[in-house]
Amino acid sequence: MQYISTRDQAPEVSFPDVLLTGLARDGGLYVPGFWPQLSHDDLRGLAGLSYPEAATRILLPFMDGIEADELLAMTRAAYADFADPAIAPLRQLSEGHWLLELFHGPTLAFKDVAMQLLGRLFDRELARRQQRITIVGATSGDTGSAAIEACRDRDAIDIFILHPQGRVSEVQRRQMTTVLSDNVHNIAVQGTFDDCQALLKGAFNDLAFRDEVTLSAVNSINWARVVAQVVYFITAAVALGAPDRAISFAVPTGNFGDVFAGYGAAQMGLPVEKLIVATNRNDILHRFFQTGAYRCEDVVATQSPSMDIQVASNFERLLFDLAGRDGAVVRQQMAAVTEQGGFQVSPAALRQARELFISCRVDEAATTATMAEVFRELGVTIDPHTAVGLRAARELMPDGPVVTLSTAHPAKFPDAVEKACGQRPPLPDHMADLYEREERCAVLPSNLAALQDHIRRLRRS
Ligand SMILES: *Cc1c(COP(=O)(O)O)cnc(C)c1O
């Protein structure tokens with residue numbers, strides 16, 4: 001499998017390079033040269049397999065250079081510590097509507113599903129190359145803890161995660177700062193999330209520094225993360241009768257990574273009726289699917305902070321396909337975002353997008369009301385991100401079975417849940433002592449030289 005850039009001006013690369021590179025050198029994102037196909041018999045053959053076995057069959061064609069038994073060992077290890085043996089279990093809510101619980105990993109959000117595998121893929125490739133890397137990331141919440149859990153105690157990796165001091169929830173902070181492994185370094189930046197991102201960018205743009213410490217990234221545009229998420233769309237659909245009936249998915253969306261994985265599943269041959277793009281008040285993607293205009297506005301803070309995003313970086317991968325895989329069109333569109341704040345796609349492209357994608361924006365009051373309703377009617381506690389997806393599913397109700405992706409455990413967002421349901425969700429057993437654990441975290445000013453100094457001093461070489 002060769003990977004090509006959405007901007008068409010970077011060399012084609014194979015899977016190991018896509019894994020370690022992240023962003024293409026022309027600023028584009030890598031996508032597979034073609035989508036491997038699963039026949040209806042292939043799909044039926046996944047029924048009854050364990051999650052790691054199904055993942056191995058689905059992912060193998062994307063990952064050249066890795067043997068099936070090796071990948072199976074990695075997927076088994078990645079999911080061994082998930083709190084539910086099904087890894088991504090379905091829970092029926094009503095006739096024709098299910099929740100897909102993706103929060104049984106170590107940090108209680110769906111990002112663990114991809115990140116746990118990513119950590120192992122990195123390890124394998126770095127060992128093969130006899131190379132070490134320094135991962136630097138910025139987080140406003142869930143990504144940082146998932147990355148830290150995935151990279152802790154790995155010999156070839158040092159990981160530095162920046163978060164804005166005092167601006168992440170206590171659960172989120174403690175999930176990061178209580179990991180005391182030698183290779184894990186938390187940094188509270190005296191500034192906002194934007195300051196953290198600016199520092200990160202500065203570190204990557206300083207090419208001498210970048211080479212000196214072999215800098216690498218684990219942000220959500222990493223292809224390996226996206227493809228690992230294709231798996232649960234397929235396993236859930238097969239469990240509900242695919243390929244013999246088509247399934248719809250409602251996906252709470254921020255960076256368009258998760259829902260793009262659903263698109264990937266459909267491209268591979270899974271019968272998908274509709275993909276519901278569910279946004280909170282930060283609705284750039286909803287506005288796009290309504291009008292064909294992609295236009296940035298200011299980010300507002302909501303109770304589903306992991307979706308408080310203005311520029312949905314993975315969306316470029318869909319734009320590439322809508323443009324008939326013409327990188328020149330994508331280059332123009334991305335330039336228009338920078339220069340004019342947005343662009344409009346052709347009516348034909350919008351029509352094509354709407355064959356599969358429908359969208360819904362859910363405001364704060366509806367999010368709270370949905371958490372309260374589901375708790376009252378079904379006794380089920382859901383987190384605010386899941387509530388956005390579930391509300392969108394209920395409003396749009398496409399034909400046939402619908403699966404809403406439950407992207408976080410309610411205990412990760414206890415304040416929002418308590419406000420809606422009147423009860424504080426308890427942390428799961430393996431985390432019950434989170435508030436008693438020792439924390440370790442450096443505090444740095446929002447200053448690139450200070451950050452670089454810190455990284456040079458603490459990385460093990
Ligand atoms: C990251 C995240 C999302 C958004 O996922 P994208 O892939 O960015 O669209 C939704 N819910 C939760 C809980 C998250 O952590």
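The second largest pocket of this predicted model holds about 360 Å³ of space. A pocket here is an open set of points, on a 1 Å grid over the protein atoms alone, with protein on both sides within 12 Å along at least five of seven lines, and lining residues have an atom within 4 Å of a point. Volume is the space filled by probe spheres set on the points, with grid points joined across faces, edges and corners. Nineteen is the tally for the lining, written 19 residues, and Pro106, Thr107, Glu149, Arg152 and His430 sit nearest the centre of this pocket. Helix H4 (68-79), helix H5 (111-129) and helix H6 (142-151) each put at least two residues into that lining; helices (H or I, at least four residues) and strands (E, at least two) are DSSP runs, numbered from the N terminus. Sorted by class, the lining comes out as 8 nonpolar, 5 polar and 6 charged residues. Nonpolar covers Ala, Val, Leu, Ile, Met, Phe, Trp, Tyr, Cys and Pro, charged covers Asp, Glu, Lys and Arg, and polar takes the others, Gly among them.

A word on the ground rules. Residues are numbered from 1 along each chain as its sequence is written. Because the model is predicted, local features need pLDDT of at least 70 and side-chain atom pairs count only at pLDDT 80 or more, while totals for chains, interfaces and linings use all residues, and side-chain values use heavy atoms, with hydrogens and water left out.

Arg152 turns up again as a neighbour of Ser181, which also touches Asp153 and Arg440, leaving aside residues up to four places away in sequence. Contact means heavy atoms within 4.5 Å. Ser181 belongs to the loop between helix H7 (170-177) and strand E8 (184-190), and with a relative accessible area of 8% it is buried. The cut-offs are under 20% relative accessible area for buried, over 50% for exposed, and in between for partly exposed (1.4 Å probe, protein chains only).

Next comes the ligand. It has 15 residues around it, of which Lys111, Asp142, Gly254, Asn255 and Thr407 come nearest; to be counted as near, a residue needs a heavy atom within 4 Å of the molecule. The side chain of Lys111 has an N or O atom 2.5 Å from an oxygen atom of the ligand. For Asp142, a polar side-chain atom lies 2.6 Å from a ligand oxygen. Asn255 uses its backbone instead, with an N or O atom 2.7 Å from an oxygen atom of the ligand.

The largest cavity has a volume of about 40 Å³. Its lining is made up of Phe15, Pro16, Leu19, Asp64, Ile66, Leu121, Arg124 and Glu125, with helix H1 (15-21) and H5 each supplying at least two of the residues. That lining splits into 5 nonpolar, no polar and 3 charged residues.

In helix H12 (residues 284-291), the buried residues are Ile284, Leu285, His286, Phe288 and Phe289. Their cover includes strand E11 (272-279), strand E12 (293-295), helix H13 (315-322), helix H15 (347-356) and strand E14 (357-361). After H12 comes Gly292, with a positive phi near 85°.

Gly264, in helix H11 (residues 257-267), is buried at a relative accessible area of 0%. Ala369, in helix H16 (residues 364-378), is partly exposed at 32% relative accessibility. Between Ala369 and Gly191 there are 33 Å from C-alpha to C-alpha, at a sequence separation of 178 residues.

The peptide bond from Ala242 to Pro243 is cis, with omega near 5°, and Pro243 lies in the loop between helix H10 (223-239) and strand E10 (247-252). Thr214, in the loop between helix H9 (207-212) and strand E9 (215-216), has a positive phi near 40° without being a glycine, and is partly exposed at 28%. Arg325 likewise is not a glycine but has a positive phi of about 60°; this residue lies in the loop between H13 and helix H14 (327-340) and is partly exposed, with a relative accessible area of 26%.

Methods
1 Å grid on protein atoms, 1.4 Å probe; cavity = no way out; pocket = protein on both sides within 12 Å on 5 of 7 lines; lining within 4 Å. Polar contact = N/O pair within 3.5 Å; in protein donor to acceptor, adjacent residues only side chain to side chain.
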